[in-house]
Amino acid sequence: KQFLGHEMLRQVVGQMLGRPACGCWTSAPLARFLGTSPRQIPADANFYSSSFSGTDQPRVLITGGLGQLGVGLANFLRKRFGKDNVILSDIRKPPDHIFHGGPFIYSDILDYKNLREIVVNNRITWLFHYSALLSAIGEANVSLARAVNITGLHNVLDVAAEHNLRLFVPSTIGAFGPTSPRNPTPDICIQRPRTIYGVSKVHAELMGEYYHYRYGLDFRCLRYPGIISADSQPGGGTTDYAVQIFHDAVKNGKFECNLKSSTRLPMMYIDDCLRATLEVMEAPAESLSMRTYNVNAMSFTPEDLAQELLKHIPEFQITYNVDSVRQAIADSWPMNFDDSNARKDWGWKHDFDLPELVTTMLNFHGSDTRVAQAN
């Protein structure tokens, strides 16, 4: 794993390619040609993101694909780029409808060799890194969260830099802490989160930006608010009450909330989230004044959400049984996001406010319920 001298390296590559050993190559392309990891790159190495012509389609890999956002993102991107150009991956076995819905492969982000082989064998050009343990689950298993959220990220960064990928890593409202300005929270301010999930996301933001400035990696990141999705189950996050409430409202007509009624947090419907993700990935690099952006749509409390639900389900009842761990996490997070830079730089604009969100979620769950009752 030692680096060859530049002259010897030129001779080796010249012999492999049947070319004269002239001094016409720089060290960075040669290092990439020989499949060297950025862990072994010389100090002057640099990387440049691939650009696509109007007829080219990216080859996409999504890690952690069976989480709340991965499947929805895969379906969204497949409509845009074609089913076979978007590969979903995870360490878990997928349900039949996901397995047959498009390419799915096993991928363990803690296995650097496995990840590298996937990128090479499938000619990946865009990587969406969604593997992570969320806030509440992470606090229950810090060592596993540290491995997945930090060590796994390092593997992804190295592979992305080595193979010239455009890399998207989601961040979160959890990347802020109790000393951050909360209403609103700007893109750049003190963060200091107090969960392993938040710490790992700040680490991801800073490492991604470091790789961008150090190696030229085309790193892009959005800080998501709480994401509300109709067709997925809650995944252990602090904002998941805003997903579970719809399941319980339609099924039982009541819901027990584990946060205080006055806990205000920024939220977004999944359709807006997926569109924002694609828009920032497609934005010209010269339009990006930063590499990590806040994005937002709405901000509400459990009481606000319950009042909107009552307009559709008059008999709905909400009670509160506060989970002290989740409440402490929520109290350290932003109440509202300032996403003015995203709106200015690449034209971000959300579609769903609270009334549209509730109507959409109830239509989805209501139709499911009626089908179940008919069956």
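In this predicted model, the largest nonpolar core has 69 residues, and Ile62, Phe128, Phe300, Leu305 and Trp346 are the ones that touch the most other members. Helix H10 (residues 270–282) gives this core its largest share, seven residues. Welcome to the structure: the protein holds 14 helices and 13 strands, and buried residues make up 52% of its 375 residues.

**The nonpolar cores**

- Apart from residues up to four places away in sequence, Trp346 touches Leu222, Ala276, Glu279, Val280, Ala283, Leu288, Tyr293 and Val295.
- There is also a second, separate core, made of 28 residues, with Leu61, Leu115, Ile118 and Tyr215 among them.

**Salt bridges**

- Side chains of opposite charge can pair when their charged atoms come close.
- Searching the whole structure turns up 16 salt bridges.
- One of them joins Glu162 to Arg116, with 2.6 Å between the closest N and O atoms.
- This pair ties together distant parts of the chain, since Glu162 sits in helix H7 (residues 142–162) and Arg116 in helix H5 (residues 112–121), 46 residues apart.
- Another salt bridge brings together the side chains of Arg223 and Glu205, at 2.9 Å from N to O.
- Here too, distant parts of the chain are linked: Arg223 belongs to strand E7 (residues 218–224) and Glu205 to helix H8 (residues 196–215), 18 residues apart.
- Arg223 and Glu205 are both buried.
- Lys344 and Asp345 also form a salt bridge through their side chains, 3.0 Å from N to O.
- In that pair, Lys344 is exposed, with 61% relative accessibility, while Asp345 is buried at 15%.

**Arg220 and its surroundings**

- A network of salt bridges links Arg166, Asp218, Arg220 and Arg291.
- Arg220 lies in strand E7.
- Arg220 counts as buried because its relative accessible area is 2%, and the cut-off is under 20%.
- The side chains of Arg220 and Asp218 are joined by a polar contact of 2.9 Å.
- From its side chain, Arg220 also reaches the backbone oxygen of Ala283, at 2.7 Å.
- With neighbours within four places in sequence set aside, the contacts of Arg220 include Arg166, Leu167, Phe168 and Val169.
- Val280, Met281, Glu282, Ala283, Ala285, Leu288 and Arg291 are also in contact with Arg220.

- Which residues of helix H12 (residues 324–331) are buried? They are Arg326, Gln327, Ile329 and Ala330.
- These residues lie on the same side of H12, because they cover an arc of only 160 degrees around the axis.
- Among the elements covering the buried residues of H12 are helix H6 (135–140) and strand E10 (265–269).
- At the N-terminal end, H12 is capped by Asp323, which has a side-chain oxygen 2.9 Å from the backbone nitrogen of Val325.
- Helix H9 (residues 241–252) has Tyr241, Ala242, Val243, Ile245, Phe246, His247, Asp248 and Ala249 as buried residues.
- After H9 comes Gly253, with a positive phi near 75 degrees.

**Confidence in the model**

- The average pLDDT of the protein is 86, and 82% of the residues score at least 70.
- For residues 41–54 the pLDDT is below 50, and this stretch has 33 contacts in the model beyond near neighbours in sequence.
- Residues 367–375 also have a pLDDT below 50, and this stretch makes two contacts in the model beyond near neighbours in sequence.

Methods
Residues are numbered from 1 along each chain as its sequence is written. This is a predicted model: local features need pLDDT of at least 70, side-chain atom pairs count only at pLDDT 80 or more; totals for chains, interfaces and linings use all residues. Side-chain values use heavy atoms; hydrogens and water are left out. A salt bridge is a side-chain nitrogen of Lys or Arg within 4 Å of a carboxyl oxygen of Asp or Glu. Helices (H or I, at least four residues) and strands (E, at least two) are DSSP runs, numbered from the N terminus. Buried means under 20% relative accessible area, exposed over 50%, partly exposed in between (1.4 Å probe, protein chains only). The arc is that of the directions from the helix axis to the C-beta atoms. Contact means heavy atoms within 4.5 Å. A polar contact is a pair of N or O atoms within 3.5 Å; within protein, one must be able to donate a hydrogen and the other to accept it, and residues adjacent in sequence count only if both atoms are side-chain atoms. A nonpolar core is a set of buried Ala, Val, Leu, Ile, Met, Phe, Trp, Tyr and Cys residues joined through side-chain atoms within 4.5 Å. pLDDT is the predictor's confidence in each residue, from 0 to 100.
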